[in-house]
Each structure stands twice: as C-alpha cells, then as structure tokens.
Amino acid sequence: MTDELRKYESSIKKKHSFNWTPKFEEEIRTDLNKTVIIPIVLKTFEKLGWDLIYQDEKNAEAKRKGDWNRWTEKISISYDYGKLIIKSVSLGNEMWDNGRNSKRVKLFIHAFLNTENEFDRETLAELEKEVEKKNNWDDYEIPESLPQPKTRKEPQFWIAIVGGIITALLLGFIVAFLSTQRIYIIGLFELGVAIVMGFVLKQLIKISNYTFYDHLHYLLIGMILITYTSNQYFQYQIILNENNFQPFNFWEFTQARFDAGLTIKKLNTGWIGLLISWVLQLVITYFIGVLRLSSSLISYSLERVPMEVVDFAIYHFVKEKTEDQVRDELSKIGWAEKQDQEEVLESIGAVQGATEMNRME
C-alpha cells in the first residue's frame, strides 16, 4: 500500500458494527462498463495489498491480512447496472468490528476512484480488448506435447472402509480412556478427533485412489458414529475392569449414565445435559470432518494431474467444446484411458472447489 493510501486510511472516520458477524456495505455509481469494471477492481485490490480469492464478470472478492498473517476481513465487490456495491465482512469470531469494516469499504472506494482516474478513453479501450482476449484464452498456445498420465491405480474403496473402521475404533478407545481418567474436555477433543479423521482420510484417499465424495462422506459419518458408540462401550469395559462392581450389561451401564446425568463444575445438568453433550460431539466432529475431507479431496485431485493438462482441458471447454470433444482432444495428447480423463475432469472441479473454500467466511 502506498503512503498516500495509508495516510488516507488513518483519516477515515470509522462506523462501528455490532452483529453476530459484523459487516459494512456502501455503494457508488460508475460509468465504467462491465467488461473493464472488474479488472480495475483487481488493480485496486493489488494496490491495497489484499489477496484476490474470486472473480467473475460482475463480482470480485478479496481477503485482507492483518497481524500474525491472519485474514481479518473479506471484501466483496458487485457490479449491477452502473452501480458498484462494496461490502466488508469480519472473518474472526468478534461481535464488534471496532469500525474496521467501514474503513476497508471507504479505503477501497478512495483507491478505486484513484485507479479509475488513471484511465482515459483510449486506455479503457485497450483494457477492454485485453480482458476479452484473456476471457477467451486467445493467448493460449496449444502445446505440442503434455505430461503423460502416471502409472494408474484402480480405485479401491474397500481400503478406505477398512482403514476408516480401524481408525474409528482406535479413536473410540482413546476417547474412552481419557474420559475415564477425567481429563476429557468437551469441544477440544471433538476438534482433535475430527482433525485425526481428516488426516487419516487424506492418506486413505491417496492409498486407495478413491475420490467419489458421496461414498467418502458416508464413510466419514460411519466413522463418527463408530467412534462415539465404541467410546461408550470401551468406557463400560474400562470401568468394569478397574472396579469391583457386580457384573452388569452395557444397557444397564447406559441407563446408569442417564440417571447420573452430566456434571459440569458441581452443576448436574441431568440426562438432558448428557444428551446435549453427545449431540455436540457428533455435530462438531461432523462439520470439521467434512471441511477436512473436502480439503483433502481437492488437494489430492489437484496433485495427481499436472496443471498443464488441466489448463489444456479448460481451454477447450472455454472454446465451447462438449465433454466428448474434450475427451477426444485429451486422447490425442496421450490421455486416452477413461479413468485418466475422469481424473482430469475431477481436477477441473477441484479448482472450482478450492475457489469456493477460499470464499468461505
């Protein structure tokens, strides 16, 4: 960011926002057409040092990094018939933004107007031509050759299933042991379980070469249920073995748990508290696990196909070729096997998926 922009930023009168997710929005009028508006927005992002995360013909989004190299706000720009809508949203867990979102919006407007003034009619026409060429991939040169497919592994879902079940049982035992030692912390351990599941699933995806999301999603759900169900059973076995209790079955143990309820710092929340804690276990682990699974699938799909091949396929889609025609083009450069072509198409989807994950607030 230039000294002039820093000086202007320090002079902005902040407007504070209080909300579950603080945000601030403002709009301005512009005479720029939709072809050049977003490129000028991108140049403004670049001046401000914000990280571009998404763009299309009428929208652009960026995230700003603050202290500790952490994203603090997401700034979204939308163009609508001569109107530019600028919105900044907090990315932390705060409910008060201390006026930061209003500063981002007003700073962007100032920088955007300065950038717009750098263009006259002639340079705007040149920019419009550049944008059209870029959007149509007119500068792309079709390579004479591309990297060839690696030695192909047949997808084997059974590897992921076996690995997932073993992992779930091990996690169930670990959680049970820690629970009986009274060092279990609600929330922290669910986070740990989800991270471990995500890591293991990433390795299993690589080993099995299996990337069908729906099946892996069901596997994750199964792993979560097995982990927390076996956790209760392992607790039952540990307590039975460590104490000289009269033998009782697992069902009686579960009833006793409900009768005792959940005690938090001497406050007994009863069976309702216990039930809520179990539901929270499932919910926290599921949502974090899904994010980790999606991230792992995207990462692996991008790893196994060279980006030159992905760009080659995208180029032909941009030129309005059908999927069958793109497959024919891939065959000509050595990607003739159906599974290899499927992996290329999955990589295109992974590129889009990575963009969507970056856009999350």
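Which ring does the charged end of R359 sit over? The ring of Y54, with the charge 3.7 Å from the ring centre. "Over" here means NZ of Lys or CZ of Arg within 6 Å of the ring centre and within 35 degrees of the ring normal. K58 has its charged end over the ring of Y81, 5.3 Å from the centre.

Some ground rules. This is a predicted model, where local features need pLDDT of at least 70, side-chain atom pairs count only at pLDDT 80 or more, and totals for chains, interfaces and linings use all residues. Residues are numbered from 1 along each chain as its sequence is written, and side-chain values use heavy atoms, leaving out hydrogens and water.

Now the rings. Phe, Tyr and Trp rings (six-membered ring for Trp) pair if their centres lie within 6.5 Å; planes under 30 degrees apart are stacked, over 60 edge-to-face, the rest tilted. The whole structure holds twelve aromatic pairs. One of them joins W137 and Y315: tilted, 6.4 Å between centres, 45 degrees between planes. W137 sits in the loop between α4 and α5, and Y315 in helix α10, so this pair ties together parts 178 residues apart in sequence. Helices are DSSP runs (H or I, at least four residues), numbered from the N terminus.

Is Y315 buried or exposed? Buried, at 13% relative accessibility. W137 is partly exposed, at 24%. The cut-offs: buried is under 20% relative accessible area, exposed over 50%, partly exposed in between, with a 1.4 Å probe and protein chains only.

Last, a cluster: ring pairs link F45, W50, F108 and F112.

Methods
Helices (H or I, at least four residues) and strands (E, at least two) are DSSP runs, numbered from the N terminus.
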